[in-house]
Amino acid sequence: MPLKVIVVGAGLGGLGAAIALNRAGHDVQVIEQSGFLNEVGAAIHVAPNASRILREWGCDFTNLEASPCNRLQVWNSAGELLWTPIVTKELQTTLDIHDDWLLTHRVDLHNALRVTAAKEFNGRRVNVRLSSRVESVDAETGVVLLKDGATFSGDLIIGADGIHSRTVSSVTGEEPRKESTGQNCFRFLIPVSKTQDNELAASLLKKTGLDGLHAFTASDRRLVFYPCRQGQLLNVVGIHPARDGVSTKDSSWLDSSNVEHLYETYQDFGPEVREMCRLGEDVKLWSLGTRSPPTKFVKGKLALVGDAAHPTLPHQGQGGAQAFEDGAALGALFPSDTTPEQVSARLELYNKVRYERALTVMMMSKTHDERRAEMLDELRKYVPNAELPKDMFSFTWPSNPAQDAQRLLATEVNVKRAVLG
């Protein structure tokens, strides 16, 4: 008999886990608080460890309308090239991987996951209930209580409700407390056609091209440009010290700002970069808030995934990828013959597969690559034997959590057989 799975949240992580567990042979019900099944934000990296999983899930990549990321380049604030840390093909060859590094709009990625979730797989498809706010989750009994009084019972509950998660308290027994990182972030999009009609902006794009990621850096702030929508839109992220009074408590991706504030924040950058700021449309500003991770991702019948488990900041471009890795691990650990009595033990294996690795990426993502060594002491509070990865690309790109989970599950099964012997 298939397990009855309830997924709380229909963002990237929730839909990913739902797809993986549906493909594993289970009945999956997703509960989403919003009245529209949509994603907010601008563009997102789909690194090779993410594109590998999406392909395995049968995701149609044409729906992503992605732009290839062929290189990562670092420039100074004046717009002069400093170095090229990554040439994608060269690193793929070094790591012996062939999966794509793509740049896509979050809405396009979310829509692609929606289409994948709606497909029937071996006679089953994911069910999604909208406009349903979860009041509480009982990790031991698997009962999900909605705000309107309705209840759902499942053999396996997935908490995928993001950084503002309510399900995390069902694991920790405490109300989650958000923390400020001392950083704010602008996000906005610019139509590429608009930049081509502007002499300064066109000059900058001629230097960078539209097939890579480009970081313009000063001592305490940076602007990162990259394309999406098949090169039709330019996504811009501006991370800088939080000196404008935006509250972590109140901030969200939907908070509006303006070009004047953006321009002022980057007034010391070169004229080409400043002109890009001046062309910004629908500028958003939010405080990069975080919270401490739980000491485990699981309890009873409940597993946390994505930002509910390990809220990941944008510095390493791995937030979405880590959520997909969680889903892939769950899909591998819960094959179709899993019984309800095995759920808690399998979730302990999920924690073994994902906890140390996901927290390493989470902590390293709190700052940009040149300063990530500063995060090692904090990481060791949760992972005492943690070591600093040589570099985040070589650490994340080859990751295959489904294979890791399958090996661990096979080892556990063999040990039990030997004991029963």
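**Strand E13 and its neighbours**

Strand E13 (residues 178–191) and strand E17 (residues 281–291) run antiparallel and are joined by eight bridges; two strands count as paired if DSSP finds at least two bridges between them. Helices (H or I, at least four residues) and strands (E, at least two) are DSSP runs, numbered from the N terminus. Please keep in mind that this is a predicted model, in which local features need pLDDT of at least 70, side-chain atom pairs count only at pLDDT 80 or more, and totals for chains, interfaces and linings use all residues. Residues are numbered from 1 along each chain as its sequence is written, and side-chain values use heavy atoms, with hydrogens and water left out.

**Pairing around E13**
- On the E17 side, Glu-179 has Thr-290 as its bridge partner.
- E13 also runs antiparallel to strand E16 (residues 233–241), and nine bridges join the two.
- Here Leu-189 finds its bridge partner in Asn-235 of E16.

**The E5–E6 hairpin**
- Strands E5 (residues 71–76) and E6 (residues 81–87) are antiparallel, with four bridges between them.
- Arg-71 sits opposite Val-87 of E6.
- Four residues separate E5 and E6 in this hairpin, and Gly-79 in the turn has a positive phi of about 90 degrees.

**Helix H2**
- The buried residues of H2 are Pro-48, Asn-49, Ala-50, Ser-51, Arg-52, Ile-53 and Leu-54.
- After H2 comes Gly-58, with a positive phi near 80 degrees.

How values were computed: Buried means under 20% relative accessible area, exposed over 50%, partly exposed in between (1.4 Å probe, protein chains only).
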